[in-house]
Amino acid sequence: MDQETFNLSIRKFLKMVGVNSQREIEHAVEKALAEKKLSGNESLPAQVTLEIPSLGLRVPFHGEIKLK
């Protein structure tokens, strides 16, 4: 295994996940605000699950997204 290639590919994957996840969350919040489903001062529980089936890896991450 080439450690540098491995680390770079992990970073590239995580960057892609981070950028795309942020975009999706922003769009969903904007839509919910426009449709009056949110008032704009909520804290939204959130979770993400990292899965790599070939490794038998499944790890949930829980957090909170605050609007105000």
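**Close-up views of a predicted model**

View 1. The relative accessibility of Ile10 is 34%. Ile10 therefore counts as partly exposed, since this class lies between the limits of 20% and 50%.

**View 2. The largest pocket and its lining.** The volume of the largest pocket is about 340 Å³. Its lining comprises 15 residues, and those nearest the centre of the pocket are Val17, Ser21, Gln47, Val48 and Thr49. Helix α1 and the strands β1 and β2 (57-66) are the elements that each contribute two or more residues to this lining. By residue class, the lining of the largest pocket consists of nine nonpolar, five polar and one charged residue. Rolling a probe the size of a water molecule over the atoms shows where empty space is left.

**View 3. The backbone at Lys36.** Most residues other than glycine have a negative phi. Lys36, although not a glycine, has a positive phi of about 60°. Lys36 is located in the loop that runs between α1 (3-34) and β1 (43-52). With a relative accessibility of 70%, Lys36 lies over the 50% limit and so counts as exposed.

**View 4. The salt bridge between Lys37 and Glu35.** Side chains of opposite charge can pair when their charged atoms come close. Two salt bridges are counted in the model. In one of them, Lys37 pairs with Glu35, and the closest N and O atoms are 3.1 Å apart. How exposed are the two partners, Lys37 and Glu35? Lys37 is exposed, with a relative accessible area of 62%, whereas Glu35 is partly exposed, at 39% relative accessibility.

**View 5. The salt bridge between Arg58 and Glu51.** The side chains of Arg58 and Glu51 form a salt bridge with an N to O distance of 2.8 Å. Arg58 has a relative accessible area of 57% and is therefore classed as exposed, the limit being over 50%. Glu51 counts as partly exposed, at 45% relative accessibility.

Notes:
Residues are numbered from 1 along each chain as its sequence is written. This is a predicted model: local features need pLDDT of at least 70, side-chain atom pairs count only at pLDDT 80 or more; totals for chains, interfaces and linings use all residues. Side-chain values use heavy atoms; hydrogens and water are left out. Helices (H or I, at least four residues) and strands (E, at least two) are DSSP runs, numbered from the N terminus. Buried means under 20% relative accessible area, exposed over 50%, partly exposed in between (1.4 Å probe, protein chains only). A salt bridge is a side-chain nitrogen of Lys or Arg within 4 Å of a carboxyl oxygen of Asp or Glu. On a 1 Å grid over the protein atoms alone, a cavity is a set of points where a 1.4 Å probe fits but cannot get out, and a pocket is an open set with protein on both sides within 12 Å along at least five of seven lines; lining residues have an atom within 4 Å of a point. Grid points are joined across faces, edges and corners, and a volume is the space filled by probe spheres set on the points. Ala, Val, Leu, Ile, Met, Phe, Trp, Tyr, Cys and Pro count as nonpolar, Asp, Glu, Lys and Arg as charged, and the others, Gly among them, as polar.
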